[in-house]
Amino acid sequence: MNDRTRHTQFGPEELDRLHAVASLGQPLGAADLDSGAVRARLAEVEVLITSWGCPTLDHRVLRAAPRLRAVLHAAGSVRGHVPDAVFDRGLLVTTAADSNAEPVAQYTLGAILWAFKKVPFLAMDARRSREDWSYLHRRGELSGRDRTVVLVGFSRIGRRVVDLLRTLDLARVLVVDPVADPAEVVAAGARPAQLAEALPQADVLSLHAPALPGTRHMIGAAQLAVLPPGAVLVNTARGSLVDTAALEAACRAGLHAVLDVTDPEPLPADSPLYDLHNVVLTPHIAGSLGSETRTMAGAALTELERYAAGLPPLAPVTRQSLTTQA
């Protein structure tokens, strides 16, 4: 992982846990895998703990690490550094994505609750209108009661959002996910639905699908056109799920949007989305940041402790699971 990540994620408590279960050497951490010192360590390494900034564990790296048995990721997606070669070798791979799901779900809940009353958009209106409150009624319904939230993706995050909304007993929740078990969706307190059926009912459309070839631009001009007036799009998943050109056109026409991710990321300086008062842009902050990332380090260390004790992993990643997960 890169040095900044290592120092943020692994404080004294995490390092104590690491020293208690593992035999460590120098260098303890590395931002690249090409130096002579790191290559010498790779020859002895049985377990790699990885995080943001990890280089790809390609054939060249794997050849240098003949004793490697496990890659325990202290972050979310492993797509950036775990190629097929890792699975071909039969290595254990785990993820701390469950821990990362918590702050994303919390951000999403906040965005949904504010979307009901158009809070961030009215806040921008207030800066222009000042003492003239006539703008209050220009953004449609300002209520959370009897509203419909459509979640696209019954993922780790999507499930948590359903749980959080259920505790508030505030909105009807429809879940669109072709690979989710409908019985699990119902048990969670939501209703399974097809995308075409759900979109015209969506007071809030919140995206939680992975970025896969089949999900690219799954929300395009046709999908945005059928959202009801006053609807709010919330995207904390991946920018590629939405056709940016179609989104720009829809937002110019009045669609409200809260975007923590975009395509590209960041948007170019001339993007019209920066200047629209019905669009909120945040710089990919929904996921774990700062001290939150230590929870993910703790999850990876728990996997290490279980590995050392001969116990099965809590959050394994397989070649097959990557076909439907981020």
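This is a predicted model: local features need pLDDT of at least 70, side-chain atom pairs count only at pLDDT 80 or more; totals for chains, interfaces and linings use all residues.
Local features here need pLDDT of at least 70 and side-chain atom pairs count only at pLDDT 80 or more, while totals for chains, interfaces and linings use all residues. Residue numbers run from 1 along each chain as its sequence is written, and side-chain values use heavy atoms, with hydrogens and water left out.

**Around β2**

- Strand β2 covers residues 70–73; strands here are DSSP E runs of at least two residues, helices are H or I runs of at least four, and both are numbered from the N terminus.
- β2 pairs in parallel with β3 (residues 92–94) over three bridges, where pairing takes at least two DSSP bridges between two strands.
- β2 also pairs in parallel with β1 (residues 47–50), this time over four bridges, and Val 47 stands opposite Ala 70.
- β1, helix α4 (residues 59–64) and β2 make up a right-handed β-α-β unit; right-handed means that, with the strands pointing away from the viewer, the path from the first strand over the helix to the second runs clockwise.
- Both faces of β2 are covered: Ala 70 and Leu 72 on one side, Val 71 and His 73 on the other, are all buried (under 20% relative accessible area; exposed is over 50%, partly exposed in between; 1.4 Å probe, protein chains only).

**The seven-stranded sheet**

- Seven strands build an open sheet with parallel pairing, in the order β6-β5-β4-β7-β8-β9-β10.
- β6 (191–192) and β10 (279–281) are the edge strands with a single partner each, so one side of each has no neighbour in the sheet.
- Further in, β4 and β7 (residues 204–207) run parallel and are joined by four bridges, with Val 150 opposite Leu 205.

**Ser 155**

- Look for Ser 155 in the loop between β4 (147–152) and α8 (156–168).
- Ser 155 counts as partly exposed because its relative accessibility is 23%.
- Leaving out residues up to four places away in sequence, Ser 155 touches Asp 177 and His 208 (contact: heavy atoms within 4.5 Å).
- Ser 155 and Asp 177 are 22 residues apart in sequence, with 8.7 Å from C-alpha to C-alpha.

**The cavity**

- A whole-structure search turns up one cavity of 30 Å³ or more; a cavity is a set of points, on a 1 Å grid over the protein atoms alone, where a 1.4 Å probe fits but cannot get out, and lining residues have an atom within 4 Å of a point.
- The largest cavity holds about 60 Å³ of space, a volume being the space filled by probe spheres set on the points.
- Its lining includes Asn 235, Val 242, Asp 263 and Leu 273.

Technical notes:
On a 1 Å grid over the protein atoms alone, a cavity is a set of points where a 1.4 Å probe fits but cannot get out, and a pocket is an open set with protein on both sides within 12 Å along at least five of seven lines; lining residues have an atom within 4 Å of a point.
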